[in-house]
Amino acid sequence: MSPHPGTDVLRYTAFSADPEGGNPAGVVLDASGLDDAAMLAVAAELGYSESAFLTGRSEPGGAEVPGGAEVPDVREYTIRYFSPKAEVPFCGHATVATALALAERDGPGDLVFRTPAGTVPVTVTQEGAELRATLTSVEPDVLDIAPADLAEALAALDWPAADLDPALPPRIAFAGARHLVLAAATRERLADLSYDFARLEALMHRLDLTTLQLVWRQAPDVFHVRDPFPVGGVVEDPATGAAAAAFGAYLRDRALVPDTAVLTLHQGEDMGRPGTLTVELRAGDARVRVSGTGARIGD
């Protein structure tokens, strides 16, 4: 049943083919009749970290898709994202969930989402019995963080500075939303997450952060990640596509991976909702691609 009368709210998980894994999102394929307050109410009643709302559709014809090709039948939509507390400029897992919902309804293919953060092309392909969505981020950016702000973030997390991995220095990374990247030196440090919700939320509002991207490097191209999300009204996000894109940009900016690379991010294991995000970097293209599967939740 819809949490808002007259609104058809779908529920999908992204970055896992198991409905019990990945990151759940609400998806409204026709939100043209909803105002901001109604969209926020739907997101709050669902309680997922984000929900996506398609507020309009453009006629097919000549939209740009990854690779620069002109594809006449690409489908274009205006999309907005709400957490239980506020609108956010971009959300990767809700983008994937929405693309999969559209593909199940209309078939796989190329989509373009006009987001508050910019234009995000998405391609949905059929791989055996599964659908896989690949989003292409807006152009990313990586910024330094002031020492005092870093110290406050660590204090809110109760992480000693000595527990950080010096090979992956703290930075703020953007690929549609801003995320503070902090690398743990051990898997045990990453697993032990118990933070001061109000203190971290205040810092994140001041720095305009969407999540903290906490990472541990298992192998050169394999990472475990966690994303505290107090500004969205939830303790932790189970699988964070926007942060994955920002993290890919961070790794390339710091020359920690080759210019062309495919990375695997494992997220949600410590929450009991395991998911897998694939991050692709291409030489000569500043944008970052993030892909994953998904599944419908419930009827």
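Start with the second largest cavity, which has a volume of about 40 Å³. A cavity here is a set of points, on a 1 Å grid over the protein atoms alone, where a 1.4 Å probe fits but cannot get out. Grid points are joined across faces, edges and corners, and a volume is the space filled by probe spheres set on the points. This is a predicted model, where local features need pLDDT of at least 70, side-chain atom pairs count only at pLDDT 80 or more, and totals for chains, interfaces and linings use all residues. Residues are numbered from 1 along each chain as its sequence is written, and side-chain values use heavy atoms, with hydrogens and water left out.

Select Arg187, Leu190, His224, Val225, Arg226, His266, Gln267, Gly268, Glu269 and Asp270 to see the lining; lining residues have an atom within 4 Å of a point. Strand S15 (222-229) gives the largest share, 3 residues, while helix H4 (187-191) and strand S17 (261-267) each supply at least two. Helices (H or I, at least four residues) and strands (E, at least two) are DSSP runs, numbered from the N terminus. By class, this lining splits into 2 nonpolar, 4 polar and 4 charged residues. Ala, Val, Leu, Ile, Met, Phe, Trp, Tyr, Cys and Pro count as nonpolar, Asp, Glu, Lys and Arg as charged, and the others, Gly among them, as polar.

Next stop: the largest cavity, with about 50 Å³ of space. The whole-structure search finds 2 cavities of 30 Å³ or more. Select Glu50, Phe90, Cys91, Gly92, His93, Thr210, Thr211, Asp237, Thr240, Gly241 and Ala242 for its lining. Helix H2 (92-106) and helix H6 (241-253) are the elements giving two or more residues. The class count here is 3 nonpolar, 6 polar and 2 charged.

Now for the largest pocket, which holds about 270 Å³. A pocket is an open set with protein on both sides within 12 Å along at least five of seven lines. Of its 17 lining residues, pick Val88, Pro89, Asp208, Leu209 and Thr210, which lie nearest the centre. Strand S7 (87-88) and helix H5 (197-207) each supply at least two lining residues, and H5 has the largest share with 3. Colour the lining by class and you get 8 nonpolar, 4 polar and 5 charged.

To show the contact (heavy atoms within 4.5 Å), select Asp149, Glu152, Ala153, Ala155, Ala156 and Leu157 of H3 with Arg199, Leu200, Leu203, Arg206 and Leu207 of H5. That contact has 7 nonpolar, no polar and 4 charged residues.
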